[in-house]
Amino acid sequence: MDPAFLLQLVLNGLVIGVIYALVAMGLSLIFGVLEIVNFAHGEFYMLGAMGAYFLATQVGVGYWPTVLLALAGGLCIGYLLYEVLLVRIDGKGFERSILLTLGLSMVLQNLAIFLFTTTPKMIQGPLTYSNVSLGPLQVPVLRLFALGIGLAAFIALFLVLHRTQVGKAMRGVAQNREAALMVGIDPRAVSRLAVAIGIGMSGLAGAALAPVYAVHPLMGFAFVFKAFAIVIIGGLGNVSGAAIVAVALGVLENLIAGFLPQVMVDGIAFSAMILVLLVRPQGLFGRGVRV
């Protein structure tokens with residue numbers, strides 16, 4: 001067995017794994033703070049990718065400005081999403097949140113199909129075919145960029161949650177909303193920020209991966225269900241657990257895809273989810289404390 005081939009599979013798995021992590025961490029953060037299951041989360045990943053495609057091909061914006069604009073756009077959309085829709089069900093109805101976000105997902109998906117059609121699109125730029133030599137490996141530059149963006153976002157979110165007053169407020173609201181309110185924390189402000197960060201990370205993931213894979217309006221639908229499996233395996237509301245499981249899943253999927261038919265790969269996450277639910281229902285990293 002060629003070691004270089006295995007290293008290439010692992011590296012590709014790390015890239016897709018950190019993108020899984022960006023989406024899953026945002027999903028986990030929103031659930032941890034608001035107890036809302038956001039079925040529209042994958043569509044914001046899709047919107048980030050479609051926005052990156054539009055900026056790169058129609059406006060001529062470079063890679064890094066596109067990524068920053070996608071992040072900023074995601075933060076703004078998350079802010080509006082909470083103030084317009086989610087604030088009305090915050091902590092009041094788990095079932096209502098599922099129906100609301102599922103309906104929003106259908107609206108966004110069909111609107112994207114109407115505007116862009118279902119034809120997959122590729123972003124062509126100066127870095128599209130650029131590679132970096134790492135020993136025996138030839139690594140596309142854009143994959144390295146996506147890997148770096150994912151790692152930087154994970155570190156930034158970890159520091160925010162564990163080293164800042166805002167992060168401690170989020171964790172406090174996630175653990176006990178009433179107690180947090182009694183000590184002067186505004187649950188509405190914290191929830192608004194959590195949704196903004198979660199949607200922003202999803203948009204960032206879409207923009208980071210847009211130059212690597214084909215972009216189309218249906219790309220978020222399958223992605224969000226895999227993110228749900230990752231969140232359940234890691235432990236509902238556990239952001240760090242979701243990140244660890246996401247990276248491990250990305251590497252495992254690519255290793256298996258190197259030796260087995262591709263059709264078998266997508267079942268890995270859901271098979272693992274079923275096994276974890278049978279053996280450890282709270283998830284691998286679930287400790288009864290969210291975020």
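Me: Ala, Val, Leu, Ile, Met, Phe, Trp, Tyr, Cys and Pro count as nonpolar, Asp, Glu, Lys and Arg as charged, and the others, Gly among them, as polar. How does the lining of the largest cavity divide by these classes?

Reply: Into six nonpolar, two polar and no charged residues. Note that this is a predicted model: local features need pLDDT of at least 70, side-chain atom pairs count only at pLDDT 80 or more, and totals for chains, interfaces and linings use all residues. Numbering starts from 1 along each chain as its sequence is written, and side-chain values use heavy atoms, leaving out hydrogens and water.

Me: What makes a space a cavity?

Reply: On a 1 Å grid over the protein atoms alone, a cavity is a set of points where a 1.4 Å probe fits but cannot get out. Points join across faces, edges and corners, and the volume is the space filled by probe spheres set on them. One cavity of 30 Å³ or more is counted. The largest has a volume of about 40 Å³.

Me: Which residues line the largest cavity?

Reply: Lining residues have an atom within 4 Å of a point. Among them are Met-25, Phe-154, His-162 and Ser-240. Helix 5 (141–163) gives the most, with five residues. Helices here are DSSP runs (H or I, at least four residues), numbered from the N terminus.

Me: How many aromatic pairs does a search of the whole structure find?

Reply: Eleven.

Me: Why is the pair of Trp-64 and Phe-145 called tilted?

Reply: Rings of Phe, Tyr and Trp (its six-membered ring) pair if their centres lie within 6.5 Å; planes under 30 degrees apart are stacked, over 60 edge-to-face, the rest tilted. The centres of Trp-64 and Phe-145 are 5.0 Å apart and their planes stand at 55 degrees, so the pair is tilted. Trp-64 sits in helix 3 (residues 63–84) and Phe-145 in helix 5, 81 residues apart.

Me: Why does Trp-64 count as partly exposed?

Reply: Buried means under 20% relative accessible area, exposed over 50%, partly exposed in between (1.4 Å probe, protein chains only). Trp-64 has 42%, so it is partly exposed. Phe-145, at 24%, is partly exposed too.

Me: What makes the pair of Phe-225 and Phe-228 tilted?

Reply: Their centres are 6.4 Å apart and their planes at 55 degrees, so this pair is tilted. Both lie in helix 9 (residues 219–234), three residues apart, about one turn of the helix.

Me: Why is Phe-228 called buried?

Reply: Its relative accessibility is 14%, so Phe-228 counts as buried. Phe-225, with 32%, is partly exposed.

Technical notes
1 Å grid on protein atoms, 1.4 Å probe; cavity = no way out; pocket = protein on both sides within 12 Å on 5 of 7 lines; lining within 4 Å. Helix = DSSP H or I, 4+ residues; strand = E, 2+ residues; numbered from the N terminus.
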